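Subject: Structure handover

Hello,

Here is the structure I promised to pass on. Please open it first, then read my notes below.

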Amino acid sequence: MRIDLGEWQIRSFRSEDAEALARYADNRNVSRNLRDAFPHPYTLAHAETWLDLVAQEARESDFAIASETELIGGIGLQTQRDVHRRSGEIGYWLGEPFWGRGIATASLRAFTEYAFEQFNLVRVYGYVYEWNPASARVMEKVGYQCEGRLKKSVTKDGQVIDQFLYAITR
C-alpha cells in the first residue's frame, strides 16, 4: 500500500525500515504519548520484532509514514469486533525532528479516508493524553470531534492522567 502526500508518503513497512524505526522511536518525547506497548528505550531488536509482526498481519493495518529515503513514523488502525465492528481506533506517531511540519495532519487526513474506504467503517476514533495538545490539534484539523474527557483513565509513567476521546464519523 502507498498513499502519496507530496514530499511524504504512507506505505507498507519494509524490513529495511528497522534502523530508522529504532532511531526515531527511541525518543522519550515520542513514547510518552503512546501506550506502554511502545517500549522505551526502543532498540533495533524491538524494531525488527515489530516489522516481523506486521509482516504477518492477515490484513495490513499498520503502515510507515516515510520520506522517499526513510521511515519517519507510523500510523495504524485497530478494527473493532462484535457490535463495534464498524469502528476503528487510529494511532500515529512521528519522529521528533518531523514535528510541526504538517506531516501528522496530512497523514491522519489521508489515512482516515483510507480507513473508511478499505475497512467499511462508519467511525474512526483515537485517544489523546491530556499533556499532548499538539495531537489534539492534529485531530481537530482533520475534522475529528472531541467527544469527551475520560478522567483518570490512563496510568502513564506512574501518573494517573486524563485522556480525550476524538472521533470522526461517516
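Let me start with S61. Leaving aside neighbours within four places in sequence, S61 is in contact with I75, G76, L77, F111 and F119; contact means heavy atoms within 4.5 Å. S61 lies in the loop between α3 (44-55) and β3 (62-66). Helices (H or I, at least four residues) and strands (E, at least two) are DSSP runs, numbered from the N terminus. S61 counts as buried, because its relative accessibility is 12%. Buried means under 20% relative accessible area, exposed over 50%, and partly exposed in between (1.4 Å probe, protein chains only).

A word on the source. This is a predicted model, where local features need pLDDT of at least 70, side-chain atom pairs count only at pLDDT 80 or more, and totals for chains, interfaces and linings use all residues. Residues are numbered from 1 along each chain as its sequence is written, and side-chain values use heavy atoms, with hydrogens and water left out.

Next, the aromatic rings. Rings of Phe, Tyr and Trp (its six-membered ring) pair if their centres lie within 6.5 Å; planes under 30 degrees apart count as stacked, over 60 as edge-to-face and the rest as tilted. By this rule there are 11 aromatic pairs. Y24 and F98 are edge-to-face, because their planes stand at 80 degrees, with the ring centres 5.3 Å apart. This pair links distant parts of the chain, 74 residues apart: Y24 is in helix α1 (residues 18-25), F98 in the loop between β5 (87-94) and α4 (103-119). Y24 is buried at 12% relative accessibility, and F98 is buried at 9%.

F38 and W93 also form an edge-to-face pair, 5.5 Å centre to centre with 65 degrees between the planes. Here too distant parts are linked, 55 residues apart: F38 is in the loop between α2 (28-31) and α3, W93 in strand β5. Both F38 and W93 are buried. Ring pairs also join F63, F111, Y114 and F119 into a cluster.

Two charges sit over rings (NZ of Lys or CZ of Arg within 6 Å of the ring centre and within 35 degrees of the ring normal). R23 has its charged end over Y24, 5.0 Å from the ring centre. R59 lies over the face of F119, at 4.1 Å from the ring centre.

Last, the core. A nonpolar core is a set of buried Ala, Val, Leu, Ile, Met, Phe, Trp, Tyr and Cys residues joined through side-chain atoms within 4.5 Å. The largest one has 50 residues, and W93, V124 and Y144 have the most contacts inside it. Helix α4 gives the most to this core, with 9 residues.

Best wishes
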